[in-house]
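Please examine the following structure with attention to its metal site, its helix packing and its backbone geometry.

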Amino acid sequence: MKYLKKAWGLLLLLATNSYAQQQRPNIIFIFSDDHAYQAISAYGSKLVQTPNIDRIAKQGAIFKNALVTNSICGPSRATLLTGKYSHINGYTLNEKKFDVEQQLFPALLQQNGYQTAWIGKWHLGNLPKGFDYWRILNSQGQYFNPDIIGPGDTTRMPGYVTNIITSLSLNWLNNRDTSKPFFLVVGEKATHREWLPDIQDLGAYDNKTFPLPPTFKDKYKNRLAAQNQDMTIDKTMRLKEDLKVHANYEKGIYGRFSPEQKKAYIDYYENKISKEFDALHLSGDALVEWKYQRYLKDYLATAKSLDRNIGQLLDYLDKSGLSKNTVVVYASDQGFYLGEHGWFDKRFIYEESLRTPFVIKYPGVVKPGTTINQLMLNIDWAPTFLQMAGVKVPADIQGTSFLPLLKNDPAKANWRKEAYYHYYEFPEPHHVYPHFGIRTERYTLVHFYGESNSWELYDLQQDPHEVNNLYGQKKYEALIAGLKDKMKKLMITYKDTEALKILAQD
Ligand code: CA
């Protein structure tokens, strides 16, 4: 009898465990590069339609204030993997070697029965760790016929990068171990500079004239850092290398084209766009505005492949029945300027680069059509995925799971009201001074340090485009003191000792 009881207990335990296993969701994280929320219709884009990204938002939730903690590529990936600020995970700048020996959350998923994979752009100067399967682009990667690095070999794969990443992902999904839940990162190269569209998307937006952003001709009054940056469409964006006017198709990024790809590019950029450009003889404002139109046409045509391929992944999940128990996230590694302040690129704490697109569907858990306005940070991504998988979140992870926000849980009342930001990369590229700052639901206070040494304050309610720097005005002194105090507390919480030292010297 005693043995029977024991055996029955064991059976029950096994049954409960396997039930719990079944309930653990699969997670697909589609992670693009430099894709601006201004270019996504779910975020109210005036520029373009993105039906498949919108599909995720409609079936789930859209985060209107998903912020990054350091607005550049590699550091954002390092923060995804660690759930920590750049000064803690050690990856403050691009083009370094990320320390993969530290705690990475995919390894914790692995140890808890998940199958993990990273496919596509990785760009961390090192090979992935914590993944059962990985196939990555070489550094920034190539748009056409990219080199794909796997364990022990590198293969040049024919075709367009977004399509290749999708087919590698679908192939992995079809051949995975179906007895385990999975976590898959689909790392996109699009929409990174130099914005090379797929052949089928060349000229996709040629019939459109895009409106100039209200701050397109910003003169950066009272803003020292903005006056000294090097990221304008006017001066920094190159006609030949970025906008493909009389590009050299024999070398560089075009050197690996197939004859058919080369012909399509020459037909479009050389025989059409470059000819039109030559005939116009542009200068001054007219030239800058022409560059802006061409920039957006290339950028949005590149983004078109992204949305189409996301649709393919979603269709696969629907058809295979995986949709029911798969969380799908679409996010970019940061926001991007599409002509606001006259810029392209990212880096600044200002809204367009601070806020990143983030939509998520989680069938059965998130109510379709949910909008979330709370301040969510990229340090929160890792702990959220761990919690979804039922894995204990290690105490040293600095973010907080946003699952209570998704579930409309009463715990969401205690959600953060202030976000801390710290950017480092200077002077190359783009000459944006290092800075740290705090973003509340209404204000942004920022300190540019080093050779710049200046402060800025914006009231986002009164001045959503951040052109009116209020710092130094008497009536804001008490507000500024309060914000500085809150920022200092966040620096202590997040152990940013370097920033604390700089703040003490100010
Ligand atoms: Ca990026």
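This is a predicted model: local features need pLDDT of at least 70, side-chain atom pairs count only at pLDDT 80 or more; totals for chains, interfaces and linings use all residues.

Residues are numbered from 1 along each chain as its sequence is written, and side-chain values use heavy atoms, with hydrogens and water left out.

The calcium ion is coordinated at 2.2 to 2.7 Å by D33 (OD), D34 (OD), C73 (SG), D333 (OD), D333 (OD) and Q334 (OE1). Donors here are N, O and S atoms within 2.8 Å of the metal (3.2 Å for Na, K and Ca); water is not among the atoms, so sites may look incomplete. Along the chain, the donors follow the spacing D-D-x38-C-x259-D-Q. Distant parts of the chain are linked by the pair C73 and Q334, 261 residues apart: C73 belongs to helix α3 (residues 73–82), and Q334 to the loop between β9 (326–332) and α10 (351–354). Helices (H or I, at least four residues) and strands (E, at least two) are DSSP runs, numbered from the N terminus.

Why is the arrangement around the calcium ion irregular? The six donor atoms subtend angles of 52 to 161 degrees, which makes it so. Under the criteria applied, four donors count as tetrahedral if all angles lie between 85 and 135 degrees; four count as square planar and six as octahedral if opposite donors are over 155 degrees apart and all others between 65 and 115; anything else is irregular. For reference, ideal angles for six octahedral donors are 90 or 180 degrees.

C73 has a relative accessible area of 1%, while Q334 is at 0% and D33 is at 0%. D33 lies in the loop between β1 (26–32) and α2 (51–59). Leaving aside residues up to four places away in sequence, D33 touches residues including C73, R77, H192, D333 and Q334, where contact means heavy atoms within 4.5 Å.

Helix α2 packs against helix α9 (residues 284–320) at an angle of about 45 degrees, with their axes 7 Å apart. That makes α2 oblique to α9. Axes are lines fitted to C-alpha atoms, for helices over the stretch in contact, and angles run from 0 to 180 degrees between N-to-C directions; angles under 35 degrees count as roughly parallel, over 145 as roughly antiparallel, 65 to 115 as roughly perpendicular and the rest as oblique. The buried residues of α2 are N52, I53, D54, R55, I56 and A57, and their cover includes β2 (61–63), α9, β9 and β10 (358–361).

Helices α13 (residues 477–493) and α14 (residues 497–505) pack at about 150 degrees, with axes 8 Å apart, and are therefore roughly antiparallel to each other. M487, K488, M491 and I492 of α13 make the contact with A499, L500 and L503 of α14. In the loop between these two helices lies K495, which is exposed at 56% relative accessibility and has a positive phi of about 60 degrees although it is not a glycine.

Y220 likewise has a positive phi of about 60 degrees, but Y220 is buried, at 11%. Its place is the loop between β8 (182–187) and α7 (224–228). T191 is in that loop, and a cis peptide bond with omega of about 5 degrees joins A190 and T191. Most peptide bonds are trans.

Conventions
Buried means under 20% relative accessible area, exposed over 50%, partly exposed in between (1.4 Å probe, protein chains only).
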